[in-house]
Structures are given as C-alpha cells and as structure tokens.
Number of protein chains: 2
Amino acid sequence: MNDTNLTDRQYSILKFICDVIDEMSRPPTVREIGHEFSIDSTKGVADHLDALERKGWIEREPGQARGIRPVRERTKKLLGPDDGLPIVGSVVAGGPSLARENLEGILKLDDLFPNRDDLFALRVRGDSMSGAGIYKGDIVIVRGQPQADMGDIVVAIVDDELGTVKKLSKIGEKIHLEPANPDYDTIVKKPGEVEIRGKVIGVIRKM
Amino acid sequence: MNDTNLTDRQYSILKFICDVIDEMSRPPTVREIGHEFSIDSTKGVADHLDALERKGWIEREPGQARGIRPVRERTKKLLGPDDGLPIVGSVVAGGPSLARENLEGILKLDDLFPNRDDLFALRVRGDSMSGAGIYKGDIVIVRGQPQADMGDIVVAIVDDELGTVKKLSKIGEKIHLEPANPDYDTIVKKPGEVEIRGKVIGVIRKM
DNA sequence: TATTGTACTAAACATTTGTTTAGTAGTCAA
DNA sequence: TTGACTACTAAACAAATGTTTAGTACAATA
C-alpha cells in the first residue's frame, strides 16, 4: 500500500516534530513526543513514527538519539508558511481567505535566489533606474562578477565612488553606463575607468 | 572574563554544529563532533563545548542527547549567508569581493515581510502596472484585507474573474481601478461590483 | 468473518550519549 | 614562575533514549 494520507493524530505528531525542530534546533525524543500527547508508552509513539515513516513523511536513523528527520520537500508544503509566504496561483471570488487548495508554493528567498557565495544585496540610492522599475530604496540582488554583457543592469564603480546601478552598453571603445531616467546623464568612460562589480538579477521592494 | 573571540578550532566546531543542523535537522552528538575532528576523547570535545558556551555561542541542556543549541542571533551573522543574502552598505573600489566589514545585514524575507497569516504572494499576470514598477512575472506581496485607501495598489476581483492588480481610487460613488500603463483602460465600477482582496505591500522580481 | 490499520499499555533491554575524574602538554600574560 | 587557557587521552559512570516483546481495543475493509 502506498498510502500517504495522514490521520489527525499522525498529522499532529508530524507538526509537533517540525515545530520542535524549528524552535529548538533539534527533533524531540520518542518520550518527549509521548509526553506532549499523553502517550504513556514509548511503543505508542513508535507506532506513529512507523506510520509516518512508511507513508514517507519522515526518515529515521535506527538507534540514533533524536533520529527523526522530516522529509522537508513534503513537510514545508504541508505545514505552510513557517518561514516563507504562500504563493497563491489565483485569487478568485467568494473565498474569504487564502484556501490551501490554491497554494502554488511557498515563497522563500533561497528558492528564488539560490544562496551562492557570489550573491549579495544592495540598497539602491538614487532614482536613476526608475524607468526600469528600480526605485530609490529598492534592494537589488546582485551576482558579483567582474564582467557583464551589453544590456545587463550592473553595479559599477566609477571614479572611486560608491557603487552605482546602471545599464551597461559598449559603443566603440567606450563603455556607456545608461540611466533609465531622462533626468540623469549617461556616463561614458574608457575601459579601465569602470570597475564592474556585479550584475543585477533581482529586485525587492517594500512599499 | 567576557571574551567572545573564538579560536580557529572553536570556530570550526561551531560551524560544523550549525552545518549538521542545517543538513540533518539535528545537532551532532559529542562523539560525532569528535569523530569529525579526530578527537578521540569525549572530554576533548566537551572542553570545546564548554568554551563555546562560556563565550555565548551555544546553549546546552545538561543530560539531553544532542543538547547543543547555537545562539542563532549570533551564529547567523557569524556564519554568513546560510539562508539569507548579505546586504552590503556600499560597494567601494578596490576590494575584490564582499568584505564582511561592509555588511549591513542579512536579507531575509521574513525580516522584510514579517510572516503574519494575512500575507500572501501572487504572481503578476499582465503589464497593466508596468508604469508603477510592477511587471509581468513579478511576485507581489499582498496583505489580505477587504478594504483599502485611495492610492493603494490593490488586488481586486471584478466580474468574478481572477484577481487583478490595480491602483485604487474613488471618484464620487464609483470605484476606479487604474492601470499604470496607457495601453490599458481604467475599470470603473459601482461599490459591490468590486471585491478587494488585499493591498500590495511589496514586489519581488527575478530577472 | 478474517485481516489490516490505528492507537495504545506495560515492562524490560540494549545502546547511545552526556558527564565526570585524573592526567599530560603547550602557550601566553602577569 | 605561577596561573589561566587551550587542547587533548583514557577510562568509567549514569542517564537518556531507541527498540522490542506481549498484549488490548476498536474501526474499516475484503
């Protein structure tokens, strides 16, 4: 039988295990679970763990203390927005709230921008890119790299100033750093006068 | 003595503990740490744990299996971008990479948009708000609420359709849902024909 | 009706694990 | 040169913990 349906009791215990890990950075012991649910025999708990393991919600390492490991790919969707936001596929009329059924996924920064060592975030200082949907105060996600292609929006350093966010283009021998706002001028420099520090791959704005 | 400086050995062990928790959802045992670092006596490990605890980097629960808990407020800053991105205050000339010294903080979605139950995320379907820096494919962060103020960007349902993102205004008795793109028309409806589902409080774009 | 799955008790067992005692050796600052 | 800190070994102890055996009771299913 390949049943994955959990009983209420099994669901509660799975949720408790995940909650304990979140709060305590470690799974509960069999007896701690038993105490929480007033199960006086460790075998009672072990039966639930057997069921959760058989149904594919946890993994266990035999003989290891606190050897319960929730299968994260499943539990993070089941248990909802614990450290992410629910992404709803559509907002439809009628329903008073966000039904779990419309859930398209959980929004986590790490899923969107996998956290490699070369990524960093930078708060935007001016309005020069407002025409490209990057406003003052926005946070841009940048992949650190010393080169970039034509058309990329880059973080660059000119004249030893702080980093500026502009669109990169090369015309002849010159490097152009173009704003996306007519109030600002394009910066034209020779190669060597411009130090490219990274490419903008994302934007986060809090309004 | 209120020293917080860690030796190389202590740092390595602290990092190992945090890494194991990340990967295994549980802390290592004293003997597992010893095995990793070729320390044959549990007392050798215990000495390091004593030092880490005394210096305030971990907490322990005496007698508990795997009773080591890193002090998260400190370790997440020390160990860097494990589930967040470093926010650099400024990008300056010279430095080849992101120096930890310029670190302004760690970008975590939960810090930006504290995860209350009334928040959700929605992927934007059309271009109608491109003039307000919200493009097709962007993810908007929405606070679910049945009303909104003039000028708010809202998620609304009109004619039982899927949710649409527009700027709200009220002119006389009519409700206006204004796009930020001249290619689209303003939707004008009577109250009761429009169901407001939430207010847009953030935007995330991956390019 | 027999079987399977759920949900437990009670008791004992074996292992894992944290802790302690006793000691060695090196470094560094007062 | 004494003391404090680091960094360990070796051995033993006690507590925490997972596992097993032998049952009971109930509901759903074939």
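The largest share of the surface near DNA strand C, six residues, is supplied by α3(A). Here a residue is near a strand if one of its heavy atoms lies within 4 Å of it. Helices (DSSP runs of H or I, at least four residues) are numbered from the N terminus. This is a predicted model, in which local features need pLDDT of at least 70 and side-chain atom pairs count only at pLDDT 80 or more, while totals for chains, interfaces and linings use all residues. Residues are numbered from 1 along each chain as its sequence is written, chains are lettered from A in the order in which they are written, and side-chain values use heavy atoms, with hydrogens and water left out.

**DNA strand C**

In total, 27 residues surround DNA strand C, and the closest are A:S41, A:D47, A:H48, A:R54 and B:V30. Of the atoms of DNA strand C that come within 4 Å of the protein, sugar and phosphate account for 56%. By class, the residues of this surface are five nonpolar, 12 polar and 10 charged. In this scheme Ala, Val, Leu, Ile, Met, Phe, Trp, Tyr, Cys and Pro count as nonpolar, Asp, Glu, Lys and Arg as charged, and the others, Gly among them, as polar.

**DNA strand D**

Around DNA strand D there are 27 residues, of which A:R66, B:S41, B:D47, B:H48 and B:R54 come nearest. Sugar or phosphate holds 57% of the atoms of DNA strand D within 4 Å of the protein, and the rest belong to bases. The surface near DNA strand D divides into five nonpolar, 12 polar and 10 charged residues. Its largest share, six residues, comes from α3(B).

**Polar contacts**

The table lists polar contacts (pairs of N or O atoms within 3.5 Å).

| Residue and part | Atom of the DNA | Distance |
|---|---|---|
| A:K55, side chain | phosphate oxygen, DNA strand C | 3.0 Å |
| A:A65, backbone | phosphate oxygen, DNA strand C | 3.0 Å |
| B:R31, side chain | base oxygen, DNA strand C | 2.8 Å |
| B:S41, backbone | phosphate oxygen, DNA strand D | 2.7 Å |
| B:D47, side chain | base nitrogen, DNA strand D | 2.7 Å |
| B:R54, side chain | phosphate oxygen, DNA strand D | 2.7 Å |

On DNA strand D, the elements that give two or more residues to the nearby surface are α2 (30-36) and α3 of chain A, together with α1 (8-24) and α3 of chain B. For DNA strand C, the elements that give two or more residues are α1 (8-24) and α3 (42-54) of chain A, together with α2 (30-36) and α3 (42-54) of chain B.

How values were computed
A polar contact is a pair of N or O atoms within 3.5 Å; within protein, one must be able to donate a hydrogen and the other to accept it, and residues adjacent in sequence count only if both atoms are side-chain atoms.
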